[in-house]
Amino acid sequence: MIGAVLRYLTAGESHGRGLVVIVEGLPAGVPVSRDEIAGELARRRHGYGRGGRQRFEADAFEIQAGVRHGRTIGAPVAITIPNVEFEAKYAELMAVDGRDDPSKALTRPRPGHADLAGALKYGFDDVRNVLERASARETAARVAAGALCKAFLAELEIQIVSHVVQIGKIKARRGAPPTPDDVRRFDASLVRIADADA
């Protein structure tokens, strides 16, 4: 038996022109729904600590390759998620051509982020090169990849259910294992916890 390998690759920066994800290894014939992908991207924007902008900002996306008439064709699937604010706000800051303006360099890494590690690894004086890549916005590309994988698993009658079981010392009580019917209830919680009392 020949095993298939699923892998994905993302490209793009938080304030760049857009994000790209390529998923390789999906077999031909997997149904792909734009509505399902949009639904997963919408779920990404909810939850505790999300800013107002994240709540109202929709992730527009385009399936560029690998899907025809709603089904995968066995080739890599490419999805782009454009940054609708790029031209108005970030075109100069994130330009491909041109020169850095040292007065706009970010030199203080954010605690708990990849900024310092990335700056040290690549020898950057401006941590923007790292923080633009290691951002919450970049997760939109990963969510789109996950939506494609969920579509594939659905063909095998496998559904994914997740929820938070512990935050710090606060634990959810154990109950019956969650089912796909519980997902809406989990999503209604700001912290996606099954046990409302916790």
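**Labels and their cut-offs**

Tutor: Start with Arg34, which lies over the face of Phe61, 4.5 Å from the ring centre. This is a predicted model, in which local features need pLDDT of at least 70 and side-chain atom pairs count only at pLDDT 80 or more, while totals for chains, interfaces and linings use all residues. Residues are numbered from 1 along each chain as its sequence is written, and side-chain values use heavy atoms, with hydrogens and water left out.

Student: What makes Arg34 count as lying over the face of Phe61?

Tutor: A charge sits over a ring if NZ of Lys or CZ of Arg is within 6 Å of the ring centre and within 35 degrees of the ring normal. The distance for Arg34 is 4.5 Å.

Student: Why is the pair of Tyr122 and Phe124 called tilted?

Tutor: Rings of Phe, Tyr and Trp (its six-membered ring) pair if their centres lie within 6.5 Å; planes under 30 degrees apart are stacked, over 60 edge-to-face, and the rest tilted. Here the centres are 5.8 Å apart and the planes are at 35°, so the pair is tilted. The structure holds 1 aromatic pair.

Student: How do you know whether Tyr122 is buried or exposed?

Tutor: Buried means under 20% relative accessible area, exposed over 50%, and partly exposed in between (1.4 Å probe, protein chains only). Tyr122 has 53% relative accessibility, so Tyr122 counts as exposed. Phe124, at 30%, is partly exposed.

Student: Why is Glu132 called buried?

Tutor: Its relative accessible area is 1%, so Glu132 is buried.
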